[in-house]
Amino acid sequence: MDTTQLLKGVLDLAVLSVLSEEDGYGYDVVRRLRDGGLEDVGDASVYGTLRRLFQSGHLSSYVVPSEEGPHRKYYALNKSGRAQLALSRKTWRAFVESMSEIVDRSEGEVA
Amino acid sequence: MTLSTQWYLDSIERELADLPADERVELLEDLAAHFSEFESDDDLVATLGDPGVYARELRDAAGLSAVPSLDTHVALVDRARANIDAVRRSAWWRAVTAFTLELRPAWWVLRAWLIVAAISEGPPGSGGVDFPIPRVADNTLVGLAALMIVVPVSVVLGQQARGGQRKGLNVALTLFGALFFVVLPASANNDSAAPAWVNPATTRAGPSTVARPGQVTSNELWVADSAGNTYLVSRVIPTAPGQVVSRAIIELQALCPSDLMKGPARALRTEDGAPIVCVGERAPTPTLNAPTTTAAATTTGVATTSTAPSATITEPSR
């Protein structure tokens, strides 16, 4: 199964979840997702998702000045984002449950 | 910013050239800052992959305008094609198509008729065409013969075209027939331009005349059309003494214009069926007090004239 395809559907949820723990900037969010186990997640996909979620009004952003390098743009969940996260969590859980049932059942049959 | 980073950004910008300028600029500035995180890596391509691929992935994830405008045209064409296919596959369309194909033989006959009608003259003087058999050269039999030739030719051609042969000829014949489908109604409308005839009884010619056989009467029947043109309808040559020439209302089509006098004289029908021979010619100028009442078209009045006065009668009009 191609994980890239799977990821496409749930990247919003992943990004929202990560940000709900702590605000993050682009590179940081990618790293946290990969550390969390999504090794295949693409930089462009995460970056694009951040922009889209921001434009949809689920995220707020602020710039943190830095002495060494360029200023970093941080993203944070706002109220709408938190609501969206809660909804997505529910949908996800229901989906996982159904899929698990179907998959487990088929495994049992074969055996 | 390293050279390779700038190159990477430029490559991405090319991919996103279709975006509105301010959106694109803002995005690239943001990306530049993002890429600065990778400055430790020498080669962005090794870390992030081909810039074109990166740009497309980014476009996809960010929900930007899906495809550049060129592809939009392709997408539109594809969608149009898909819609057409869907209609084609639908049951009602197939029913309509099947029915139309059943009608094809009828079209072969119709186009043959149209072609014969095109060369026919119709009832004398009219812009219309006789139905069901068009008159050719003023002869119904000739028209019938023409039909009996053209219709089988058309049908056979149609059948051959269905079998794949002579398709070009078949198309040409169809177009020919279709052309006259359009032309015929147009020519028929010329009837409205035909002048209405006034009742000759109200013209100068009086109702009665008495003449000797063989004598040309001085009582000529003049008719005037609604346009004010006058025509000599007949110079009656009675064969019997005391023959009365009463009113005659001329059938519309037989205008007896002067040019007809060059050919065979056209005979007109009167109400009692007796033909009037049109031997005169157009009056020079209206010296008549032609009344302006317009009669209805195609009514025939009462007249008695010699049925066979002279050799100037050719064929009856019906």
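A residue counts as buried under 20% relative accessible area, as exposed over 50%, and as partly exposed in between, with a 1.4 Å probe and protein chains only. The model is predicted, local features need pLDDT of at least 70, side-chain atom pairs count only at pLDDT 80 or more, and totals for chains, interfaces and linings use all residues. Residues are numbered from 1 along each chain as its sequence is written, chains are lettered from A in the order in which they are written, and side-chain values use heavy atoms, without hydrogens and water.

**Exercise 1.** State what percentage of chain B is buried.

*Solution.* Chain B has 318 residues, and 35% of them count as buried.

**Exercise 2.** Describe the crossing of helices H1 and H2 of chain A.

*Solution.* Step 1: helices are DSSP runs of H or I with at least four residues, numbered from the N terminus. Step 3: the axes of H1 (residues 3–21) and H2 (residues 26–35) of chain A come within 10 Å and cross at roughly 105°. Step 4: H1(A) is therefore roughly perpendicular to H2(A), a term for angles of 65 to 115 degrees.

**Exercise 3.** Identify the residues that make this contact (heavy atoms within 4.5 Å) between H1(A) and H2(A).

*Solution.* Step 1: H1(A) contributes A:Leu11, A:Ala14, A:Val15, A:Val18, A:Leu19 and A:Glu21. Step 2: H2(A) contributes A:Val29, A:Arg32 and A:Leu33. Step 3: by class, seven are nonpolar, none polar and two charged; Ala, Val, Leu, Ile, Met, Phe, Trp, Tyr, Cys and Pro count as nonpolar, Asp, Glu, Lys and Arg as charged, and the others, Gly among them, as polar.

Technical notes
Axes are lines fitted to C-alpha atoms, for helices over the stretch in contact, and angles run from 0 to 180 degrees between N-to-C directions. Helices (H or I, at least four residues) and strands (E, at least two) are DSSP runs, numbered from the N terminus. Angles under 35 degrees count as roughly parallel, over 145 as roughly antiparallel, 65 to 115 as roughly perpendicular and the rest as oblique.
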